[in-house]
Amino acid sequence: MSNYTADESAADQPINGFKPSSSVEAFSLPATGDDLSRLSARGDFSMANGIPLEEMSDDDDEEEEVDEDYVAVDHADINEVPYWFRRPAVHQRTKLDNLHPFVQVLTVSNVDDCVSVETAFPEQERCTREKFVYRLDRCPELCLGLFTLPILGENQPKPRPTLIGHIVATRTSTPFVTDKSMELPANWQMERRTVENGETVGHDEYGSTIAIHSLAVLPEHQGKQVASTLMKSYIQRIREAQIAERISIISHDHLVPFYESFGFENRGPSNCQFGGGGWTNLVLDFI
Ligand SMILES: CC(C)(COP(=O)(O)OP(=O)(O)OC[C@H]1O[C@@H](n2cnc3c(N)ncnc32)[C@H](O)[C@@H]1OP(=O)(O)O)[C@@H](O)C(=O)NCCC(=O)NCCS
């Protein structure tokens, strides 16, 4: 037995036993394509590619709310969509782009380049040439450089890439950078490991902390995001290779926010007296 009255329109009738739910009075769900054509022919609404162009008249009290996120798709343009996705992202060239930079692990062949980049530090904080030879010999895999190679004109000889920024590190078994980890073992060419007062001097190959001893950028290339790019790349490489539990560095106060922006945590004053002291411990834990 039917439970609707004769003056209700056919469109109000239940479909498969369910009354169509609609917040708009007198609006009903057409069941078939024929229903759609009939409604359209009656002028009840118009369709374009299946989308109602006009569902309510302007003077209707209850206006249908339009979702703010709604974006109309013009189906005539549908074949153009892959083209729009293929277009390169709009990107303003930066000072860094103009250097055509690339990062690469350093080796002992880069010692002179590192000495040159290290002039970015005040003299008392610079790593000596001997320490670069030692660190790049013992643990080159922990040392990363950012190089620039200019685009050449025709027939120009290929120049040597220029090192413009470096990160040089060793391993230590302590959670923070220590003065001992920064030292050069006296007899490092003959002895594999030097231990003094229970602590390894210099690189401790069994240490699970990577101690960064130098992050520096050639003065003429500072302020171009070289250090940021290098640090991001360094962290990503160490994290992905899963070769350490943490990265530690000591820094003066003005650079603490810079390191914190990469996820390093401020662990308070360092005991290091290197270069006159006054350092803060920063640690990026991976576990
Ligand atoms: C510190 C150093 C490595 C930064 O290199 P850089 O390539 O100029 O750094 P970036 O261009 O990537 O700078 C990124 C952010 O670092 C911070 N920063 C860089 N130099 C800074 C400084 N001297 N003081 C405070 N913040 C600084 C800024 O927040 C900067 O962001 P911004 O560009 O939006 O201002 C470089 O100045 C340097 O070699 N200094 C001498 C050596 C040194 O002190 N090393 C750090 C040892 S802990």
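In helix 6 (226-241), the residues Val226, Ala227, Leu230, Met231, Tyr234 and Ile238 are buried, where buried means that 20 or more other C-beta atoms, placed from the backbone, lie within 10 Å of a residue's own. They cover an arc of only 120 degrees around the axis, and therefore lie on the same side of helix 6; the arc is that of the directions from the helix axis to the C-beta atoms. An α-helix has 3.6 residues a turn, so residues three or four places apart point the same way. On the other side of helix 6, Gln236 and Glu240 are exposed, that is, with 12 or fewer such atoms.

This is a predicted model, in which local features need pLDDT of at least 70, side-chain atom pairs count only at pLDDT 80 or more, and totals for chains, interfaces and linings use all residues. Residues are numbered from 1 along each chain as its sequence is written. The mean pLDDT, the predictor's confidence in each residue from 0 to 100, is 82 for the protein. Over residues 1-60, however, pLDDT stays under 50. Where pLDDT is low, the predicted coordinates should not be read in detail.

The protein has seven helices and 11 strands, which are DSSP runs (helices H or I, at least four residues; strands E, at least two) numbered from the N terminus.

Definitions and conventions: Two residues are in contact if their C-beta atoms, placed from the backbone, lie within 7 Å.
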